[in-house]
Amino acid sequence: MAGCRRCGEVLGSHTARGVRLLIRTACSRDREALIRFYESLSRETVYTRFFAIIRYFDPYVDSLLRNSRAVVVVAEAPDGRIVGVAEAVGDEGGGAESGIAVLEEFQGAGVGTALGAAILEAARACGFRRLYGYVMPSNVAAYRLALKFGARVVGMYESLYRIEFDLAEGEDP
Ligand SMILES: CC(C)(COP(=O)(O)OP(=O)(O)OC[C@H]1O[C@@H](n2cnc3c(N)ncnc32)[C@H](O)[C@@H]1OP(=O)(O)O)[C@@H](O)C(=O)NCCC(=O)NCCS
């Protein structure tokens, strides 16, 4: 990744379902593992993350990895498998749009919380002033996760909540 964090920078670790996960930034050498991660998600998880059904993730991953204003954080198992990803993609106005997904078998075990803390740290370090994302009103897990980190619902975009984190003032829990 060309972005503002060094490739493979370790931001923490987290044990979930008996597996010790490394929380680190991702870069171009993670391309295949990232594509495998997204393609192994269920349709439901893909839909709640992207609000669309997507089958082939090569274009998405390539655009992410080539974007110099994007920072990607992964949760990686000891065998190299990626089990969770959080991203912040910078916009023209000093903010960044974020998205997060965790493999179903690891959901509800704190991986989203670990990735949330890491992407907020990475986004702050990149100098983004605000991080925002879109969440379906029915997505209780994502909503609770965002609230834990001090997000505010700032409006609706089509049928989605727009949530924002003020990186200048917000503190992680
Ligand atoms: C949203 C998501 C990333 C959360 O990751 P996770 O690893 O399951 O999250 P955690 O285990 O750290 O839990 C985070 C919070 O959500 C709550 N939560 C997790 N799963 C939940 C569920 N199925 N129902 C209700 N709350 C849930 C947890 O209780 C926790 O809140 P708490 O600490 O106040 O108890 C994950 O569910 C996911 O990948 N969902 C599909 C993609 C998506 O919705 N992305 C968000 C839109 S971009």
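This is a predicted model: local features need pLDDT of at least 70, side-chain atom pairs count only at pLDDT 80 or more; totals for chains, interfaces and linings use all residues.
Local features need pLDDT of at least 70, side-chain atom pairs count only at pLDDT 80 or more, and totals for chains, interfaces and linings use all residues. Numbering starts from 1 along each chain as its sequence is written.

Start with the overall build. The protein has five helices and eight strands. Both are DSSP runs, numbered from the N terminus: helices are H or I with at least four residues, strands are E with at least two. From the N terminus on, the order is β-β-α-α-α-β-β-β-α-β-α-β-β. The radius of gyration, taken over C-alpha atoms, is 15 Å, close to the 16 Å that the globule rule gives for 173 residues, so the protein is as compact as a globular protein of that length. That rule is 2.2 Å times the number of residues to the power 0.38. Along the principal axes, the C-alpha atoms fill a box of roughly 40 × 30 × 30 Å. Of the 173 residues, 36% count as buried, with 20 or more other C-beta atoms within 10 Å of their own, C-beta atoms being placed from the backbone.

Now the sheet. Eight strands form an open sheet in the order S1-S2-S3-S4-S5-S6-S8-S7, with mixed pairing. Two strands pair if DSSP finds at least two bridges between them. Strand S1 (10–16) and strand S7 (152–157) are the edges, each pairing on one side only. Strand S6 (residues 130–135) and strand S8 (residues 160–166) run antiparallel and are joined by six bridges. Within this pair, Gly 133 has Ile 163 of S8 as its bridge partner.

Next, the ligand. It is surrounded by 23 residues, the closest being Gln 107, Gly 112, Thr 113, Ala 141 and Ala 142. A residue is near a molecule if its C-beta atom, placed from the backbone, lies within 6 Å of it. Helix H2 (43–50), strand S5 (95–102), helix H4 (111–125), S6 and helix H5 (140–148) each give two or more residues to this shell. H5 gives the most, with six residues.

Finally, a loop residue. Gly 94 lies between strand S4 (82–90) and S5. Is Gly 94 buried or exposed? Gly 94 counts as exposed because it has 11 C-beta neighbours inside 10 Å, and the limit for exposed is 12 or fewer. Leaving aside neighbours within four places in sequence, Gly 94 is in contact with Phe 128 and Arg 129. Contact means C-beta atoms, placed from the backbone, within 7 Å.

Key
Two residues are in contact if their C-beta atoms, placed from the backbone, lie within 7 Å.
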